[in-house]
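Please have a look at the model first, and then work through the points by topic.

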Amino acid sequence: MSGLGLFSGRPPCCLGVFAHGHKGALLRRAAREGRRPWRPCSFGGVALRRGFWTRAARSQEVTRTRDRYPVRRLPFAEVSEEDLAFFQRVLPGRVCTDARELEVVNVDWLKMVRGCSQVLLKPRTTEEVSRILRYCSERNLAVNPQGGNTGMVGGSVPVFDEIVLSTALMDRVISFDAVSGILVCQAGCVLEQLSRYVEERDFVMPLDLGAKGSCHIGGNVATNAGGLRLLRYGSLRGTVLGLEAVLADGLVLDCLTSLRKDNTGYDLKQLFIGSEGTLGVITAISILCPRKPKAVNLAFLGCASFAEVLKTFSTCKGMLGEILSAYEFMDDRCMRLVESHLRLSNPVKENPFYVLIETSGSDARHDEEKLNNFLEQVMSSGLVTDGTVATDNTKIKMLWALRERITEALSCDGYVYKYDISLPVEKLYDIVIDIRSRLGQSAKSVVGYGHLGDGNLHLNVTAEAYSASLLNAIEPYVYEWTARHQGSISAEHGLGFKKKDFIGYSKAPEAVVLMQRLKAMLDPKGILNPYKTLPASPELAGL
């Protein structure tokens, strides 16, 4: 039976939404008598940060990227004792050559790629970043900018021995305007800490990610991260008002405006949003934060098929309108993984698909009435079979954990082949079915989940261990399928190291060549995050 009233705190009005026939009468009678006839929602396990899984992964040997992939080291210089002495003068006490600490920054948190860097630099200021890059450019030393190292495509860790330039100590809030909601901060601020900072001032960050406890805002901007709030607040290309970046030769580009309207010349900040550290190192940003909603509701619903998921979304947009802030979906295999590996519990009865709908607005009574009308409509029409609603912040976080921690659960299931694609929403799950059929027993799990409101699917395949034959069965087939259906091979994760050679499935050759020209102009020696984002030549660009 439904657990809708359990989280809502309003049993009389909410229980009736999911109550039908004899069971509905029992529910209403139980509500009058103060009893709970429904199956209680229980959430097991302890909330874990991605850092836990990163540390756990280090007990296992990760194959070096240069040994697993066909990639050659470019003719960059190697770090000398004289180089280390210079870095120590610029960053006293913040130059690390300790093998144990370097192990952390050389491996991505998904334990898929591993570099061989022997130097970690930790600047605190833009001036320090500028001095480092100017020197590295003169010496032809390759540099790997790194934020929270939560990327999904191998873009945040070295491929060979690139110097790791960490923004971890660049974590200062520069200013916040309580009238406009404009936040100016350094690139190393952790997203969750920024969220707390602005929420204390009655605002929210315009993006929310599962990795918020570890990811840096500079890395979010550098990868143009999407996340859970894009449906409501749009992408970072719209909410980032300005940024400061240091180019490969040490030049500081100050585009850190806090103006919402500035139509003077080219919008240079857009070059760096989504550039993945290949054009410059972002050191500070200015971002527009919306006001904190006074009322937030979260519905977790079960659907019998993906067709019902789509119809529910259409109904949702029509009936919830301006208060709709998120529409996420996950299949039953995702649910089984979070149950088995993370000990979380499904709050509703088993269904082939689940959707998570968030509303946020300024009038709790108005929002509750709209949500209840929507729930009554989708239940009575058979689009939804079961559901639960949360209004309390603690319970809201528990429901969100079912969606946000899928990536963690997948990492526990084995080696993960991850694909982050955009497709027309009506085609979104077809590729999951196709890949599942194509791989058969060679894959352990094939799952689909994501931001349906944005047409963004996270397709994941797990296996007991890395297999070149399994990879060849998936790629480039998955990219060909996506291109054939007018999709994008990267919706929000970027291209990094793992997808750079497939950019041609989403971009025309002329566009790729222009990108390479921009890279050559801003970083003529190619020292910034080499081997990432762009193919070595147009011929390797996929098609």
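In this predicted model, the largest nonpolar core holds 119 residues, and the members that touch the most others are Phe87, Phe329, Ile357 and Ile431. The element that gives the most to this core is helix α14 (residues 306-320), with six residues. Another core, of 32 residues, lies apart from it, and includes Phe176, Ala245, Phe272 and Ile287.

**Around Ile431**

- Leaving aside neighbours within four places in sequence, Ile431 is in contact with Ile421, Leu423 and Val478, among others.
- Leu457, Leu459, Trp481 and Thr482 are also among the contacts of Ile431.

- His458 sits in strand β16 (residues 456-463).
- With a relative accessibility of 5%, His458 falls under the 20% limit and therefore counts as buried.
- The side chain of His458 makes a polar contact of 3.1 Å with the side chain of Glu492.
- Beyond the neighbours within four places in sequence, the contacts of His458 include Arg403, Tyr419, Asp420 and Val447.
- Gly448, Tyr449, Gly450 and His451 are in contact with His458 too, and His493 is another one of its partners.

**Helix α18**

- Helix α18 covers residues 406-413 and is mostly covered, with seven of its eight residues buried.
- Among those buried residues are Ile406, Ala409 and Leu410, and also Thr407, Glu408, Ser411 and Asp413.

- Tyr266, Leu268 and Leu271 make a nonpolar surface patch of about 330 Å².
- Leu268 belongs to the loop between β8 (252-255) and α13 (269-272).
- The relative accessible area of Leu268 is 34%, so this residue is partly exposed.

**Salt bridges**

- The count of salt bridges comes to 21.
- One of them pairs Asp161 with Arg73, where the closest N and O atoms are 3.1 Å apart. Asp161 is in the loop between β3 (143-146) and β4 (163-166), while Arg73 is in the loop between α5 (65-68) and α6 (81-90), so this pair ties together parts that are 88 residues apart in sequence.
- Asp161 is partly exposed at a relative accessible area of 27%, and Arg73 is partly exposed at 31%.
- Another salt bridge joins Arg196 and Glu192, with the closest N and O atoms 3.6 Å apart. Both residues lie in helix α9 (residues 191-199), four residues apart, which is about one turn of the helix.
- Asp202 is partly exposed, its relative accessible area being 31%.

How values were computed: Residues are numbered from 1 along each chain as its sequence is written. This is a predicted model: local features need pLDDT of at least 70, side-chain atom pairs count only at pLDDT 80 or more; totals for chains, interfaces and linings use all residues. Side-chain values use heavy atoms; hydrogens and water are left out. A nonpolar core is a set of buried Ala, Val, Leu, Ile, Met, Phe, Trp, Tyr and Cys residues joined through side-chain atoms within 4.5 Å. Buried means under 20% relative accessible area, exposed over 50%, partly exposed in between (1.4 Å probe, protein chains only). Helices (H or I, at least four residues) and strands (E, at least two) are DSSP runs, numbered from the N terminus. Contact means heavy atoms within 4.5 Å. Patches are made of residues with over 30% relative accessible area and no salt bridge: like charges are joined within 9 Å, nonpolar side chains (Val, Leu, Ile, Met, Phe, Trp, Tyr) within 5 Å. Accessible areas come from the Shrake-Rupley method with a 1.4 Å probe; for residues, only the protein chains shown count as cover. A salt bridge is a side-chain nitrogen of Lys or Arg within 4 Å of a carboxyl oxygen of Asp or Glu. A polar contact is a pair of N or O atoms within 3.5 Å; within protein, one must be able to donate a hydrogen and the other to accept it, and residues adjacent in sequence count only if both atoms are side-chain atoms.
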